[in-house]
Amino acid sequence: MRQINFKPEHLLRLFCRRFFVKTRTYSPTPANLRRLAGALQRSELVAIPTETVYGLAANALDEIACRKIFKAKGRPSHDPLIVHVLDLAHAEELAEFNDIARRLVRKFWPGPLTIVLSKKNSVPAIVTAGRDTVAIRSPAHAVTRRLLELAGIPLAAPSANLFGYVSPTSAGHVRDGLGGKIPSILDCGPCTIGVESTIVDLTDPISPKILRPGAVTAEELEKALGKKIVRGSAQRGKRAEKTGLIAPGTLPQHYSPRTPLVIKHSFANPPVGTGEIFLRKPAGRRGANVYWLSRRASLAEIARNLYRVLRQADQDGHARLWIEAVPENSGGLAAAINDRVRRAAAKRP
Ligand code: TXA
Ligand code: MG
């Protein structure tokens with residue numbers, strides 16, 4: 001009989017394999033995309049880029065794969081996932097479409113619009129957290145569309161961050177939160193939009209509701225539908241938590257740095273230890289505590305940089321952070337930026 005020579009380092013390796021996953025970052029070469037599509041088909045997790053933020057993807061039709069998403073993120077099981085598809089035809093396999101859903105999809109897909117509709121039986125309960133509705137979107141990111149094509153499956157993907165923390169807009173952000181917890185990250189550089197998709201609930205075609213503002217604005221949706229649309233807010237989210245009626249994840253406190261964050265209309269007399277986040281590069285101000293979100297206060301640039309700057313300021317170890325408010329009536333992306341900043345600044349329960 002062969003004798004097994006078991007050394008302490010073998011035990012250590014087994015222990016590490018059980019509790020730590022080796023996380024590899026992949027560039028988007030054709031060979032890597034084929035490899036990652038195969039991994040998704042085998043129920044593995046892959047962090048993927050989208051035009052909004054990075055997502056943590058798994059086969060949406062596979063309960064075991066989706067369970068891994070909740071575990072890696074530390075996400076409560078009552079918070080449902082968005083399913084990513086290539087196009088309307090694939091979405092119709094997952095949800096009961098109505099005319100206004102088709103109209104919005106034709107206008108805004110692929111892109112940063114997520115629609116909520118009654119789900120079909122093909123969608124496992126874990127994806128929708130037991131609800132009878134499902135959230136679906138078709139991302140515009142060319143590499144992720146190729147991955148969807150190669151994998152040939154819908155991908156459930158929440159933002160690829162630890163639950164409640166600031167969403168990731170680069171592969172490095174994903175690694176900071178989920179390194180050692182997931183096997184693969186597909187790195188396609190920084191996200192172009194930088195805040196999560198607009199979510200609109202279309203289950204009642206008579207009164208569509210925005211559950212989360214994003215780059216597709218309320219005004220654009222109203223124009224496409226030819227009628228007023230109910231706008232959601234963090235307050236609405238708070239009520240939703242109690243009633244379980246609206247988007248369960250639109251929590252009043254979310255997307256938050258660990259350092260306390262305060263929204264300011266003026267930066268007069270900041271106490272020592274304050275990290276100051278300006279909307280626009282401030283003239284004549286420099287220092288390790290000064291940050292800015294854009295060179296010219298363009299809303300697109302502010303949205304694109306928001307999470308990167310919040311993460312950086314959080315890591316720099318200030319006692320508190322101040323962030324300048326975007327004027328409410330700025331239109332366009334202002335609603336999405338203000339929504340995220342308000343929730344990042346909300347007090348922890
Ligand atoms: O831009 C995005 O939407 C990104 C990228 C990766 O696609 N995804 C994203 O996912 O932001 P996540 O999980 O971080 O946020 C999804 C939100 C959550 O607040 C969740 O509660 C809500 O969508 N949601 C999901 N399914 C829902 C449903 N059936 N009804 C209402 N809200 C839903
Ligand atoms: Mg998220």
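Author: A crossing is left-handed if the near helix is turned anticlockwise from the far one by less than a right angle, and right-handed if clockwise. This is a predicted model, and in it H11 passes H12 in a left-handed crossing.

Reader: ok, and at what angle do the axes of H11 and H12 cross?

Author: The axes of helix H11, residues 299–315, and helix H12, residues 334–345, cross at roughly 20° and come within 9 Å. Since angles under 35 degrees count as roughly parallel, that makes H11 roughly parallel to H12.

Reader: which residues make the contact?

Author: On the H11 side they are Leu-299, Ile-302, Ala-303, Leu-306, Tyr-307 and Leu-310, and on the H12 side Ala-334, Ile-337, Arg-340, Val-341 and Ala-344. By class, the contact of H11 with H12 has ten nonpolar residues, no polar ones and one charged.

Reader: switching topic, how do H5 and H9 pack?

Author: Helix H5 (residues 99–108) packs against helix H9 (residues 218–225) at an angle of about 120°, their axes being 10 Å apart, and that makes H5 oblique to H9. The crossing in which H5 passes H9 is right-handed.

Reader: and what does H5 meet in H9?

Author: Ile-100, Arg-103, Leu-104, Lys-107 and Phe-108 of H5 meet Glu-220, Leu-221, Ala-224 and Leu-225 of H9, a contact that divides into six nonpolar, no polar and three charged residues.

Reader: now ligand 1, which residues come nearest?

Author: Of the 26 residues around ligand 1, those that come nearest are Thr-52, Asp-79, His-84, Ser-197 and Arg-212. A polar side-chain atom of Ser-197 is 2.5 Å from an oxygen atom of ligand 1, while for a side-chain N or O atom of Asp-79 the distance to a ligand 1 oxygen atom is 2.6 Å.

Reader: what about Arg-212?

Author: For Arg-212, a polar side-chain atom lies 2.8 Å from an oxygen atom of ligand 1.

How values were computed. Residues numbered from 1 in each chain as written. Chains lettered and ligands numbered in written order. Predicted model: local features only at pLDDT ≥ 70, side-chain atom pairs only at ≥ 80, totals over all residues. Heavy atoms only, no water. Axes fitted to C-alpha atoms, helices over the stretch in contact; angles between N-to-C directions. Helix = DSSP H or I, 4+ residues; strand = E, 2+ residues; numbered from the N terminus. Parallel < 35°, antiparallel > 145°, perpendicular 65-115°, else oblique. Contact = heavy atoms within 4.5 Å. Nonpolar A, V, L, I, M, F, W, Y, C, P; charged D, E, K, R; others polar. Near = heavy atom within 4 Å. Polar contact = N/O pair within 3.5 Å; in protein donor to acceptor, adjacent residues only side chain to side chain.
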